[in-house]
Amino acid sequence: MKKVTSLGDPSSGPATPRAYRAAVVGTGFMGRVHSHAVRANGGEVVGVAGSSHTKAERFGAAHGIARAHADALELIHSPDVDVVHVCTPNHLHAPLSLAALAAGKHVVCEKPLATDAATARELTRAAAEADRVAVVPFVYRFHPMAREARARVAAGAIGRVSLAHGGYLQDWLLYPEESNWRVDPDIGGPTRAFGDIGSHWCDMLEFVTGDRITAVSAQTSRISDTRGENGGSAVTTEDLVSFQFDTAGGTVGTAVISQVSPGRKNHLTLEVSGTKGSLRFDQERPETLWAGGRARTGVISRDDPDLSPDAARLVNVPVGHPQGYQDCFNALVADTGAAIAGETPEGLPVFADGLRTAVLAEAVLTSARERRWVDVPSVDGVDPA
């Protein structure tokens, strides 16, 4: 992973040497992760905005950020900001990203890109018209062994893919007294489990296989109709999703998404089977990739001398020193900076990918509500012709 050494205005010719100057909007966990990734690449977080000036000041003091803003728009329009990192609750993603694009800034917006597909489409169009780099952090793409799985599928190592399965399991909302802003559809959107983590799984599936989901048959469920202390409030968003799917390439598959599976923290797994072999990636054990065949099975490590170039470029510490989630974010920011400087880094997830998962989310909800198979519409600029 290279350090970011140059940024520039794509409309003004070649990039000029300059540090990656970022604004971070949001003072929660994701704000911390993004801030660290910017600094890890030699960039600067020039300011932070929060829901209150007090929260912004506290975050800035804890992370060495000089300026704290209660007004996110004030920070976004600052002339010393090149890239805006939107790390807020979901309902603010679209207005803040649109404001940043209108101000001529590049954007890294947390997923979901928007709480509905129509708005996600508007954001994708706005990014293209503004000629800005606009990124959605589907960061599990940046595990070296996920890239290795993708390279092996593309090279035909496992033959024609016929089956894919897996899921993403967590337990952080196991108990009914536990709640969060994501539970509120006015803030988090109409889908919770799928929108929050199912989107990651679908992005991984499509990224690794190079194929698109074309139809889904889904079920959703809740373990409790209320959440919060002292009886809580009514809940309409889902805790669980299971779905079957077909792809354009003829693959069939299943996935299970849950935020209420006891003992599971961030258990994202993807297994793809082809006519010659199978591959399995486990996000909680990202140092290796399982490879199976009729004659033998084995484990591929990220120090494999035959690792694909795209996987090898993301290896930044020797095997034996675990490389994980924060490293993925660091790599995403490095590639964002490279894209801003005019390069074309492989596999950078952009707003079109965020639109893709928004379209999938609406198909899943429609299928679950109407108890039928639903076709997933293609998205211009996302799906292959």
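In the structure described here, Phe-243 stands opposite Ala-255 in E14, within a stretch where strand E13 (residues 240-247) and strand E14 (residues 252-258) pair in the antiparallel sense over 7 bridges. Two strands are taken to pair if DSSP finds at least two bridges between them, and helices (H or I, at least four residues) and strands (E, at least two) are DSSP runs numbered from the N terminus. The model is a predicted one, in which local features need pLDDT of at least 70 and side-chain atom pairs count only at pLDDT 80 or more, whereas totals for chains, interfaces and linings use all residues. Residues are numbered from 1 along each chain as its sequence is written, and side-chain values use heavy atoms, with hydrogens and water left out.

Strands E13 and E14 belong to an open sheet of 9 strands with mixed pairing, in the order E18-E17-E16-E15-E9-E14-E13-E10-E19. Its edge strands are E18 (297-301) and E19 (374-375), each of which pairs on one side only. Helix H8 (residues 193-209) lies across E9, E10, E13, E14, E15 and E16, running at about 30° to E15, while helix H11 (residues 351-370) lies across E10, E13 and E19, at about 55° to E10. Contact means heavy atoms within 4.5 Å; axes are lines fitted to C-alpha atoms, for helices over the stretch in contact, and angles run from 0 to 180 degrees between N-to-C directions.

Rings of Phe, Tyr and Trp (its six-membered ring) pair if their centres lie within 6.5 Å, with planes under 30 degrees apart counted as stacked, over 60 as edge-to-face and the rest as tilted. By this rule the count comes to 8 aromatic pairs. The rings of Trp-201 and Phe-243 have their centres 6.2 Å apart and their planes at 80°, so this pair is edge-to-face. Because Trp-201 lies in helix H8 and Phe-243 in strand E13, the pair ties together parts that are 42 residues apart in sequence. Trp-201 is buried, with a relative accessible area of 0%, and Phe-243, at 3%, also counts as buried (buried means under 20% relative accessible area, exposed over 50%, partly exposed in between, with a 1.4 Å probe and protein chains only).

The rings of Tyr-325 and Phe-329 likewise form an edge-to-face pair, with centres 5.4 Å apart and planes at 70°. Tyr-325 is partly exposed at 27%, whereas Phe-329 is buried at 1%.
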